[in-house]
Amino acid sequence: MNDTEIDEALVRSLLHEQHPDLAGLGLRRVAAGWDNQLWRLGQELAVRLPRTERAPTLLRKEHRWLPVLAPRLPLPVPTPVRVGEPSPRFPGPWNIARWVRGEPADRTPISDGRRAADTLAGFLRALHRPAPPEAPVSGDRGVPLRTLADGFAGTLQSVAASVAVADIQHIWDEAVAAPDWQGPPLWLHGDLHPANVVVEDGTLSGVIDFGDICAGDPATDLAAAWVLLPAGAASGFFEAYGCADEATLKRARGWAVLRGLSLVGIGQAWERGLPGGQRTWGPAGRAALERVLTDR
């Protein structure tokens, strides 16, 4: 987003300048997210500073909507508690949010599938409520899958050497042919994959990174049955979720293969030393594809 070097001295100076009552807390850099650099502040808070062009918009969206949704959600989420304004020290907005305990699932995968299936289903039942007219919408989340056909084809082609192309194409075709979502636009997380949830004691303990929060088709989030949960857990998840018809299941499988392919592509970028690559995302994507291909 900019050329500013984000180090401890800068973060500490921003806190002294805009939130001096928090400036004396311990400060420790932790693994960066896709869009933001993350610093743990004391035991209960985190400082998030944007590092991509889109990140400031996502931070503002979280700051607007996550405090509205968080009280009804049964898992911890990084609710923003303070906002940082652009200044001569740092040109972008930033925020301070609640720290969510746990290890990202791309590094410590969920192992207790039954318990995690119930937990994830409860979280999504609570989240998936009709959104107000002013809720954000997305061009690539919560939308009819046919609108993403070109992106799917390009992603599939780019990773074709390492995936079961024909089987994936069949699941995608079934998903595109399924009837569209007929209900009202529901609140969605929009980006449920292993790097955006955290794990403790083998099960889901929190959901993070709500930058893609939007309203639309819940099948987008229901893909998490295969993208997040271990093999064999999807059926228990859908039984606990309780309100997904066959068309929604087909669309959810389509979203799962789309997300899995994207994760594989980002993993391959890391293997090739390209910008934006993530070491742990490739294995997570291949595991997701294996699960959705097996569970048909």
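Predicted model: local features only at pLDDT ≥ 70, side-chain atom pairs only at ≥ 80, totals over all residues.
Trainee: Okay, so which residue does Arg101 meet in a salt bridge?

Mentor: That would be Glu200, with 3.3 Å from N to O between the two side chains. The pair links distant parts of the chain, 99 residues apart. Arg101 sits in the loop between β5 and β6, while Glu200 belongs to strand β8.

Trainee: And is Arg101 buried or exposed?

Mentor: Arg101 is exposed, because its relative accessible area is 56% and the cut-off for exposed is over 50%. Glu200 has a value of 29%, so it counts as partly exposed.

Trainee: What about Asp212, which partner does its side chain meet in a salt bridge?

Mentor: Its partner is Arg141, at 3.7 Å from N to O.

Trainee: Where is Arg259 found?

Mentor: Look in helix α9. Arg259 is buried because its relative accessible area is 16%, and the cut-off for buried is under 20%. Leaving aside residues up to four places away in sequence, Arg259 touches Arg141, Gly190, Asp191, Leu192, His193 and Val227.

Trainee: One more on charges. What does Arg251 pair with in a salt bridge?

Mentor: Arg251 meets Asp217, at 2.7 Å from N to O. Asp217 and Arg251 are both buried.

Trainee: Let's switch to strands. In what order do the three strands of the open sheet come?

Mentor: The order is β6-β8-β9, with antiparallel pairing. β6 and β9 are the edge strands, each pairing on one side only.

Trainee: How many bridges join β8 to β9?

Mentor: Four, and the two strands run antiparallel. As an example, Val199 has Leu204 in β9 as its bridge partner.

Trainee: What holds paired strands together in general?

Mentor: Strands of a sheet pair through backbone hydrogen bonds, in either a parallel or an antiparallel way.

Trainee: I clicked on the loop between β8 and β9. What is the phi of Asp201 there?

Mentor: Asp201 is in that loop, and it has a positive phi of about 55° although it is not a glycine. Most residues other than glycine have a negative phi. Asp201 is exposed, with a relative accessible area of 70%.

Trainee: And Asp209, what is its phi near?

Mentor: It is near 55°, also a positive value in a residue other than glycine. Asp209 is in the loop between β9 and β10, and it counts as buried at 16% relative accessibility.

Trainee: Now β2. How many of its six residues are buried?

Mentor: Five of the six are, so β2 is largely enclosed by the rest of the structure. β2 pairs antiparallel with β1 over four bridges, and Val30 has Leu38 as its partner there. β2 is also antiparallel to β3, over six bridges, with Arg40 partnered by Ala46.

Trainee: What do β2 and β3 form?

Mentor: They form a hairpin with three residues between them, and Gly42 in the turn has a positive phi of about 65°.

Trainee: Last topic, helix α5! Which of its residues are buried?

Mentor: Ile168, Ile171, Trp172 and Ala175 are buried. These residues cover an arc of only 100° around the axis, which puts them on the same side of α5.

Trainee: What do the buried residues of α5 pack against?

Mentor: They pack against α4, α9 and α10. The face turned away from that buried side carries the exposed residues Ala166 and Ala177.

Terms used: Residues numbered from 1 in each chain as written. Heavy atoms only, no water. Salt bridge = Lys/Arg side-chain N within 4 Å of Asp/Glu carboxyl O. Buried < 20%, exposed > 50% of the residue type's maximum accessible area, 1.4 Å probe, protein only. Contact = heavy atoms within 4.5 Å. Pairing = 2+ DSSP bridges. Arc of directions from axis to C-beta.
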